Amino acid sequence: MPDASRKFLVGLVCLLAAGAGIGWLYDAPATGVLAAALIALFWQVRHLLAFVRATRTRDFEVFRVGDGIWQQIFSSFSYQQARAARYKRQYRQLLREIRKSTDAMPDGAVILDENHEIVMCNRAAKALAGLKPKKDRGQRVDNILRDPKLTKLLKSETYARAIEIPSPVRDDGWLNCRVVPYGADQKLLVLRDVTESMRLARMRRDFVANASHELRSPLTVVTGYLDTLADDEAMPRDWAMPVTQMQIQARRMNRIVSELLELSRLESAGPADVEERVDVGGLLSAARRALGMPGDTAPIDVVVDSAARLRGSASEIESLITNLVSNAVRHTPVDGSVTLTWRSDADGAELSVTDTGEGIDAEHLPRLTERFFRVDRGRAREDGGVGLGLAIVKHILGRHDGRLEVRSERGKGSTFTCHFPASRLAMPSPATLRGERRPA
Amino acid sequence: MQASDLTDHISRRFNKDLEDLRNMVLSMGGVVETQLSRAIAAIVSGDSELGLKVANDDYKVNKLEVAIDEECNRLLATRSPAAGDLRLIVAIIKTITDLERIGDEAEKIGFLASKLAAMDRPSDSYRELKNLGTHVSHMLRDAMNAFARLDVADATDVVLEDERVDDEYELIQRQCITFMMEDPRSIKRVMNVTWAARSLERIGDHAKNICEYVIYMVEGKDVRHTVLGDDETPED
C-alpha cells in the first residue's frame, strides 16, 4: 500500500477514535464518531470540489506540494495527462511524416471506403486528377473522375485490370488507374501519368503501320516484274534459278508486310465486338480442308465436343485457327498427326491444337509470342514461317478475353490451347442447330 | 449547402435514393463527356470510324436519360420532397435534358466528322475547331464538377465563360465565310465545318444551363436570363 494511502487511513482512524474518545468523555460516543465522520466528509468534499475546479481552470497550485492523498491523485492524474499529450504529439508527428512521404510520391493515391467515397488523397492525386482534398472528402471518386471505364472498373469488384482514362486536367493527357483492395473493404486507387508512354506506344504503332504500308507498293511492282520475267520464254536459262529465288523471297516479304499490317490493325482496334456468333467447330473443319493435303502433310483430326458459339469476330478467329494449324502442320512429319479440339463447360471453352511434331524446349516457351522470335534461327526460315503468327494469335485472343497456354515436350509434340471465358460463349437455339445438321 | 447535407434525412432510404440519383446523373455526365471528347478527336484526326462510333453510341445517353427521368418521377410521387430535395430533383430533371441534348450534338459532330474525313483536309487540320472543342469540353467538365461539388463559384465561372465561346464561334463563322468566298468549290466542306462549330457552340450553351441549375439548386435563386458577374446581387 502506498505511503499516502496508509497515512490517509491512519489519519481517518485517528480522527474517528478521537471523536469516539471525546464523545465518551461526554457520555455520547456514537455522537462523537458521527461528528468526526462529518468533519472528515466535509474535508474530503471540499478537496473534491477544489480538484474539479482545478481541472477546469488548470490551476493545480494547491495540489502540487505535499504528500497527502489528494496530492497523490493529482500527481498520477497529471502523469497520465502528460503521457497522453506526449503520445498525441508523437502520433501527430508520425502522421505528418506519413503524409509528407505520400505527398512526395510521384503517383496519385486516393483512399476509398466501401462506397468508393474519397477518404484521403495525396498531393499527386490533386495534381493529376484535379481532386480537392478537403472539398471532395466523402464524394464518390467516379463523381469527379467521370469516365465510364472507371465506373465499370469500380463496379467490377475484382479490380483485376488497370485502365487508361483521359486526364481530366491535362489536354491529350492519359492516366493509368489501378484499384488495390485492402483491409476491411478499403481500396487504394493509384493514378499514374502515362501520357508519355501512351504517346510512344502510339508512335511505334503508327511507325510499323506506315512503314508496312509504304513497303507494299514497291513490293507490288517488284513481284509484278518478277512474275513477268519468270513467264518469259526468251529469258536465258542461267537466269531461271535466280528469278525463282527472287520470286519466293518477294512473296515472303509480301506476307511479312501483310501480317505486320494485320498485327498493327489488331493492336489499334478496341476489343472485338460480341454481336457475331462464331461457329468454331465449322471453322476447324474448314481449316482441315484448306491446310491438310493428304499424302503431303500429317493427317488432321477434328473433334468438336461442343455446340457453343463464340461471341467475337469470325474473321479474326479464322485467322487465329489458320495460324495455329499451319504452324502445327509445318512442324509435324507426314507420319505424325494433328488434332483440333473444341470443347466447352460451365467455366468457359477451349480450342486446342495438338501435334506430334518435334516439340519446343521449355526455355523457349515464354518467348514464343514475341514478334519474329524463332526457336531455331537457321531452319525455320526455309519452311515459310514469318515469325508473326503467334504474335497475331496472342493479340486476337487478347481482344476476345482469351488466354493462350502452350504445353510442349521435345520430340513428343506440342499442344496450343486457347481458353475463352464463359462470358464470351453463346448457346445456339435448337432451331439453328437443326438447320446446321443438314449435310452440307 | 454541402454534399453531406443531402444525406440528412430521417428516412435512410430516401437519403440513399437521392444519393443514387445524383450518382446516376454524374455517370451520365461521364458518358456524355466521353462522347464529346471522342467526337472532337474524330473531327481533328479525320477518323471516320470513330465518328460513326460516336454517332452509334448516342443510344447509351438516351437510355440513361429515360432511366433517370423515371427515377425522378418515382421519387416525386412517393416521397413528395420539399425545399432543397425538391430543388435537387427539379434541377436534375432539367440537367439531364441538357445532357441529352449535348449527347445529340456530339452525335451530330461524330456524323459530320465521318463526312469530313472523306473530303480534303485543310493544312491546319481544323485547329480552330479543336480549340473551340477543347474550350467547350472544359466547360462541360467544370459544369459537371460544379454539380458534383455543389460549387456556386465554379458554376458562375462557367456561365461567364460562355461569352468567350460565343466570340470564338463568331470568329470561326467569319473565317468560314471567307473560305467560301475565296473558293466556292470548298463550300460543301466548309458548310460541314460551320455545322460542327455551331454544334460545339450549342454544347457551350447547354453547359451554361447546367451551371445555372446548380446555382438554383444550391441557392434557390433562378439566374436564367439575368446578367451574372460583379453586379450579381444588387439588392445586397
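Between which two strands of chain A does the loop with Asp185(A) lie? Asp185(A) is found between strand 4 (174–182) and strand 5 (186–193) of chain A. Helices (H or I, at least four residues) and strands (E, at least two) are DSSP runs, numbered from the N terminus.

This is a predicted model, in which local features need pLDDT of at least 70, side-chain atom pairs count only at pLDDT 80 or more, and totals for chains, interfaces and linings use all residues. Residues are numbered from 1 along each chain as its sequence is written, and chains are lettered from A and ligands numbered from 1 in the order in which they are written.

**First stop: two aspartates**

Select Asp185(A), which has a positive phi of about 65° although it is not a glycine. Asp185(A) is exposed, with 10 other C-beta atoms within 10 Å.

Next, select Asp401(A), in the loop between helix 12 (389–399) and strand 11 of chain A. The phi of Asp401(A) is also positive, near 55°. Asp401(A) counts as partly exposed, with 17 C-beta neighbours inside 10 Å.

**Second stop: helix 12 of chain A**

Step back to helix 12 of chain A, where 9 of the 11 residues are buried. Among them are Leu390(A), Ile392(A), Val393(A) and Lys394(A). The buried residues of this helix pack against helix 9 (240–268), helix 11, strand 11 and strand 12 of chain A. Contact here requires that the C-beta atoms of two residues, placed from the backbone, lie within 7 Å.

Display the open sheet of 5 strands in chain A, with the order 7-9-10-12-11 and mixed pairing. Two strands pair if DSSP finds at least two bridges between them. The edge strands are strand 7 (300–304) and strand 11 of chain A, each of which pairs on one side only.

Zoom in on strand 11 (residues 403–409) and strand 12 (residues 413–421) of chain A, which run antiparallel and are joined by 7 bridges. Val406(A) stands opposite Phe416(A), and Ser408(A) has Ser414(A) as its bridge partner. The two strands form a hairpin with 3 residues between them, and Gly411(A) in the turn has a positive phi of about 85°.

Turn to the largest nonpolar core, which has 84 residues. A nonpolar core is a set of buried Ala, Val, Leu, Ile, Met, Phe, Trp, Tyr and Cys residues joined through C-beta atoms within 7 Å. Helix 7 (residues 187–219) of chain B gives the most to this core, with 14 residues. Select Ala143(B), which touches Val158(B), Ala207(B), Ile210(B) and Cys211(B), not counting residues up to four places away in sequence. Apart from this core lies another, of 35 residues, including Leu320(A) and Trp342(A).

**Last stop: where the chains meet**

Finally, show both chains: 17 residues of chain B are in contact with 15 residues of chain A. Helix 1 of chain B gives the most to the side of chain B that touches chain A, with 9 residues.

Key. A residue is buried if 20 or more other C-beta atoms lie within 10 Å of its own, exposed if 12 or fewer, and partly exposed in between; C-beta atoms are placed from the backbone.
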